[in-house]
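Thanks for coming. I will go through one structure today, starting with how its parts meet and then turning to the fold of each part.

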Number of protein chains: 2
Amino acid sequence: MIEVQEIKFGVHYMLDGYGADREILKDAEMLKSILYKVPDDMGMHTISEPLVVEVGPKNKKDPGGLSGFVLIAESHISFHTFPERGFVTIDVYTCQDTIDSDKLTALFKDLFGFTSCDERVVDRGTKYPANNIY
Amino acid sequence: MIEVQEIKFGVHYMLDGYGADREILKDAEMLKSILYKVPDDMGMHTISEPLVVEVGPKNKKDPGGLSGFVLIAESHISFHTFPERGFVTIDVYTCQDTIDSDKLTALFKDLFGFTSCDERVVDRGTKYPANNIY
């Protein structure tokens, strides 16, 4: 049996922002433009048309909002906004080895205007084979 | 100033699977059907047409594969496959308070046939306002 060398596949950045700008969180055109701007600013490459969908209110916890998504060559970017709660939750998943999380957080803070946030970066695919196995 | 009661927004399930079935990882139709099946099986509700896109080889680390995504009322499901490496990386993000990660992992193991995996579940939006703030 051949020994498979393992490397890290990528990194996954997660941001939950609070106290964000209500008008931006509900502006579908603005949100779509963010899905073009962020990959551009971060040196990533979109491979699908950015999708922004309005999601109706569901229950007491979920008063409705908008969801956005774009595939990038490096993996994907998604967010879900809840304008009435001033909340936005964002994922940027890249197969690059590192991600400039400070730059990303500053960029999102500027775009969404949240007043506080929780940021997390986790390694993904830590046993990814360095070479083809088939 | 009114005190805002904070609750948890949702949970985010991440799975990285190794040694998966090469033929399934490269089968766009099969992958699309997975994006219908998983929400169904988990009591979630798709709100966008599942998207599966072939992503060409990029560099030594990335020999190409397929990316899939679907918006669900509860947030989103995404995956990226790399058939030649037997690797699939999956995200299921839901605004439900809990997620049956054992059931999900068993379901994905059955669908993708990976031989080992790393699973992680993280809380998201832990300071989500329980009521509208605007």
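The shared surface

Of the interface residues of chain B, 100% are also interface residues in chain A, so the two copies meet through the same surface. Please keep in mind that this is a predicted model.

As for the count, 37 residues of chain B are in contact with 37 residues of chain A. On chain B, the elements that give two or more residues to the side touching chain A are strand 2 (10-18), strand 3 (51-55), strand 4 (65-72), strand 5 (75-82), strand 6 (87-94), strand 7 (116-124) and strand 8 (128-129). Strand 5 of chain B gives the most to that side, with four residues. By type, the residues on the side of chain B that touches chain A divide into 16 nonpolar, eleven polar and ten charged.

Now the fold, with chain A to begin. Six strands of chain A form an open sheet in the order 3-4-5-6-2-7, and the pairing is antiparallel. The edge strands are strand 3 (51-55) and strand 7 (116-124) of chain A, each of which pairs on one side only. From one strand to the next, the twist averages 10 degrees.

Strand 3 of chain A is joined to strand 4 of chain A by five bridges. A:Leu51 has A:Phe69 in strand 4 of chain A as its bridge partner. Two helices come next. Helix 2 (residues 28-42) of chain A lies across strand 3, strand 4 and strand 5 of chain A, at about 25 degrees to strand 4. Helix 3 (residues 101-112) of chain A packs on the sheet, where it touches strand 2, strand 6 and strand 7 of chain A. The direction of helix 3 of chain A makes about 30 degrees with that of strand 2 of chain A.

Over to chain B. Its six-stranded open sheet has the order 3-4-5-6-2-7, with antiparallel pairing. Strand 3 and strand 7 of chain B stand at the edges with a single partner strand each, so one side of each is left without a neighbour in the sheet. Five bridges join strand 3 of chain B to strand 4 of chain B, and B:Val52 stands opposite B:Gly68 in strand 4. Helix 2 of chain B packs on the sheet, touching strand 3, strand 4 and strand 5 of chain B.

Conventions
Residues numbered from 1 in each chain as written. Chains lettered and ligands numbered in written order. Predicted model: local features only at pLDDT ≥ 70, side-chain atom pairs only at ≥ 80, totals over all residues. Contact = placed C-beta atoms within 7 Å. Nonpolar A, V, L, I, M, F, W, Y, C, P; charged D, E, K, R; others polar. Pairing = 2+ DSSP bridges. Axes fitted to C-alpha atoms, helices over the stretch in contact; angles between N-to-C directions.
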